[in-house]
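Good morning, and thank you for coming. I would like to take you through one protein model, step by step.

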Amino acid sequence: MSETQSTDIAIIGAGPVGLFAVFEAGMLEMRCHVVDALDAPGGQCTALYPEKPIYDIPGHPEIGGGALVEALLAQAAPFAPVYHLGHRIERLSPVAGGGWRLESDKGLALEARAVIVAAGGGMFGPNRPPLAGIEAYEGTSVFYAIARREEFRDQRLVIGGGGDSAVDWAISLAEVAKSVQIVHRRPKFRAAPESVARLHALADAGQVELVVPYQLAGLEGAEGRLSAVVVRTLDGEVRRLPADVLLPFYGLSTELGPIAEWGLETEHNLVSVDPARFSTSAPDIFAIGDIVTYPGKLKLILCGFSEAAMATQAIHPLVHPSEALHFEYSTTKGLPT
Ligand code: FAD
C-alpha cells in the first residue's frame, strides 16, 4: 500500500459530472482528487460515444462527447486536481474526527474531508477478449479506450469487434495509422449503416483491411510490446497479423460494483440523496450524476452539472468550518491566477 494522500474532496468517477464538480469545488477553494476505474477521463462520453454529437449541453448547439470532456478538463485545470486513473475504489472507511479513507484495488489510499460519489452507471469494465497473457500488454500495446488518436500515428493497428466503436475507430484511425486491420467474427458489421458504408469504402480503397470472419486467438510479443496478433476462423484457419497495437472493442460491462457494499441507502441500484444538498445516508458522503435517485431525477449531463454546484455548496462548511460561505457569481469571483 502506497503512502496515504489527503485532500478536501475525493471524487469517485471522472465522468462529465465528476469533472465539473472539480470546477465547482475549486471556485469554493476546495481541492479535489478524482479517481476512476477507467484509464481515461470522461465516463460514458469517452467510453461509449466520444465522437457522437450531444445537442443538449447549454450554450453548445452541438458538441462531441470527447470534445465536451476536453473542455471540462480544461475548465477544471486551474484548480490542479489530481487524477488517479485506472483505480477502482473498493473500500470506504470513516476517519476519526470526520471524513473518509478510500482504498483502491491497486493500493491507492486517500483521505478526504468529504466524498462525492459521481460513479454514473457504476463501474465500466472493458469486455476483455480471452487471450492468454493479455494483461502484460494492457496500457502499452493493448488499449480498450482511446483518448487521442494521434498516439497511434504511424502504428500498425489491429482492431477487434464489429460494433459502433470498432467501426468508428477503424474509420478515424485509418487517417493516421500506418495500417488498420479490423477483425470481426462475422462478415456483417453491427454499426450504424453510414459508418459501415464508409468502412467498406475505405476497405475498397485499401486503407483498411477487413479480416472476416476471424476471431482473436493469441498475442505475440515481448516485454509488453506486441509484434503480432494471431486470428483464427471457426474452421481453424489461422492468420498472423503483424501489429504494434491491439484495440479490442467488445463493449463495456457496467455494474454498481463495490459501491453496493458501502452501506449507502439505495433504491433500484441507485444511491438515494437529499436533492437540496446531494447528501447520502452516510455523513460527509455526497452523490451526484447518473448514480443518484430523487423525485424527478433526469439522467442528463446538464442535471448532473447543477447537482455538482449544489453538492459543493453543501460540502463547503465541512472543509472550511470557520468561513461563512457567501454566494458569488464566477464573473465576480474570477479564476485563480
Ligand atoms: P458516468 O459518465 O457514467 O461516469 C462515471 C464514472 O465513474 C465512470 O467513468 C466509472 O468508471 C467511474 N466509476 C464507477 N464506480 C467507480 C469506482 N468504484 N471506482 C472508480 N471509478 C468508478 N446525456 C445527455 O445529457 N445528453 C445526451 O445527448 C446524451 N447522450 C448519450 C448517448 C449515449 C450513447 C449514452 C450511453 C449516454 C448518453 N447520455 C446523454 C447520458 C450521459 O452520458 C450521462 O448522463 C453522463 O455520462 C453521466 O455522467 P456521470 O459523470 O454521472 O457518470
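How many aromatic pairs does a search of the whole structure find? The search finds 6 aromatic pairs. Please keep in mind throughout that this is a predicted model.

Let me begin with two of these pairs. In general, a pair of aromatic rings is described by the distance of the centres and the angle of the planes. F20 and F305 form a tilted pair, with 4.9 Å from centre to centre and 45 degrees between the planes. This pair links distant parts of the chain: F20 belongs to helix 1 and F305 to helix 6, residues 301-319, and the two are 285 residues apart. Is F20 buried or exposed? F20 has a relative accessible area of 13%, which is under the 20% cut-off, and therefore counts as buried. F305 is likewise buried, with a relative accessible area of 13%.

The second pair is F278 with Y294, and here the arrangement is edge-to-face: the centres are 5.5 Å apart and the planes are at 80 degrees. F278 sits in the loop between strand 19 and strand 20, while Y294 sits in the loop between strand 21 and helix 6, so the pair ties together parts that are 16 residues apart in sequence. F278 is buried, at 2% relative accessibility, and Y294 is buried as well, with a relative accessible area of 17%. Returning to F20 and F305, these rings also belong to one aromatic cluster, together with F23 and F79.

Strand 1, residues 5-12, and strand 2, residues 32-36, run parallel. With helix 1, residues 16-27, between them in the unit, strand 1 and strand 2 make a right-handed β-α-β unit. Strand 2 also pairs with strand 5, residues 82-85, in the parallel sense over 4 bridges. There, V34 has Y83 of strand 5 as its bridge partner.

Why is strand 2 described as largely enclosed by the rest of the structure? The reason is that 5 of the 5 residues of strand 2 are buried. As a general point, in a regular strand the side chains alternate between the two faces of the sheet. In strand 2, both faces are covered: C32, V34 and D36 are buried on one side, and H33 and V35 are buried on the other.

Let us now turn to the nonpolar cores. The largest holds 63 residues, and I11, L102, I116, V117, I288 and I291 are the members that touch the most others. Helix 1 gives the most to this core, with 8 residues. Apart from this core lies another, of 25 residues, including L157, A174, V180 and A191. Which residues does I291 touch, not counting those up to four places away in sequence? Among them are V117, A119, L256, I259, L270 and V271.

Finally, there is an open sheet of 3 strands, in the order 18-19-21, with mixed pairing. Strand 18, at 266-267, and strand 21, at 292-293, are the edge strands, each pairing on one side only.

Thank you for your attention.

Definitions and conventions. Residues numbered from 1 in each chain as written. Predicted model: local features only at pLDDT ≥ 70, side-chain atom pairs only at ≥ 80, totals over all residues. Heavy atoms only, no water. Pairing = 2+ DSSP bridges. Buried < 20%, exposed > 50% of the residue type's maximum accessible area, 1.4 Å probe, protein only. Right-handed = clockwise from strand over helix to strand, strands pointing away. Core = buried A, V, L, I, M, F, W, Y, C linked by side-chain atoms within 4.5 Å. Contact = heavy atoms within 4.5 Å. Phe/Tyr/Trp six-rings, centres within 6.5 Å; stacked < 30°, edge-to-face > 60°.
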